[in-house]
Amino acid sequence: MSRELSLAEVFQLGYYWETKILLTAVKLDVFSALDGKAKPADDIAARIGADPSALTLLLNALVALRLLHREGDRYANSATAAAHLVRHSSQYIGHLLLLHDAEWDNWGKLEQTIRTGRRSVDRHVFETDPELGANVLAVLHRIGKQSGPDFAQRLQLSGPLRMLDLGGGAGTNSIAFCQTYPELTATIFDLPATLRLTEKTVKEAGLESRIALHPGDFNTDGLSGPYDLVLMSDILHYQTFETNEALVRKVFDHLVPGGRLVIKDRFLDETGTGPAWTTAFAVHILVNTQQGGCYKTGDAMEWMRRAGFASITELERTAVVQGVK
């Protein structure tokens, strides 16, 4: 049984100050300006084009947040900031934080959205800023490389299978599946702009002969096939209930008998009140997409039933659902 929140914790939930301080520091590229050398505020301000007095307040707050260190009048990156917030670092995650900053104004319209039920966004930020979208996908690809092989192994595949990775993004899952199963070949279906990054990651993995790229709109274009396995990973929350149901039916028609559809997404439980992070993500989708939504595991299983799948299983609670034709 969960305990009640304290008053102090309620206040903490209401503070967004620290979040905006970090996002602003990333947008100003403060951490890159401090790469490898401690500097006074005046030098940093000159480097990034800022007011020294105002910047000093920001830098002191970053010290309190343990992202910077200060000795005398000089500031330096913490080890964490140096690894993840300096732009040229191989572990840079700033693009993901820049995405959050780009969505800041949308969150400011949450009250209006809740009152009216009307969304203020007509296009996702990835459509309005394709470069940011590609950079975010690259960060997610690097993070996903750690969990991809484990996900592939849990499906326990075997033999010369043909896989379709719908909305496969940077190719993270297809690469992991091909590395785990030597006889598997994959087709990544995504928008042409996205596949420019995918081509790069597939080449870096040395899998050009086993992973094909298919540009298009998977809701309206043909999928080719047939396939032994179709994977939908984190694409359904950008679409409507009806569009997702139609896509599941479409996939069913492109599977061989005994073929599998695996849906991996951020599902809500049947009460709609958990998992906690997903309930917040559902609000994020509300204010940052034109028509997306977070769905329940039962919704995905119902789409599969209506499409005609013979066996439907929840492989991982509120995360992975499988249908077998």
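User: Which element gives the most to the lining of the second largest pocket?
Analyst: That is α11, with seven residues, where helices are DSSP runs (H or I, at least four residues) numbered from the N terminus. This is a predicted model, with local features needing pLDDT of at least 70 and side-chain atom pairs pLDDT 80 or more, while totals for chains, interfaces and linings use all residues. Residues are numbered from 1 along each chain, and side-chain values use heavy atoms, without hydrogens and water.
User: How many residues line the second largest pocket, and which lie nearest its centre?
Analyst: The lining has 15 residues, with Ala138, Val139, Arg142, Leu197 and Lys200 nearest the centre; α11 (130-154) and α13 (192-204) are the elements giving two or more. On a 1 Å grid over the protein atoms alone, a pocket is an open set of points with protein on both sides within 12 Å along at least five of seven lines, and lining residues have an atom within 4 Å of a point.
User: How do α11 and α13 pack?
Analyst: Their axes, which are lines fitted to C-alpha atoms over the stretch in contact, are 10 Å apart at an angle of about 35°. In the contact (heavy atoms within 4.5 Å), Ala134, Leu137, Ala138 and His141 of α11 meet Thr194, Leu197 and Thr201 of α13.
User: Switching topic, what lines the largest cavity?
Analyst: Its lining consists of Leu236, His237, Asp265, Arg266, Phe267, Gly293, Cys294, Tyr295 and Trp303, a cavity being a set of points where a 1.4 Å probe fits but cannot get out.

Methods
Axes fitted to C-alpha atoms, helices over the stretch in contact; angles between N-to-C directions.
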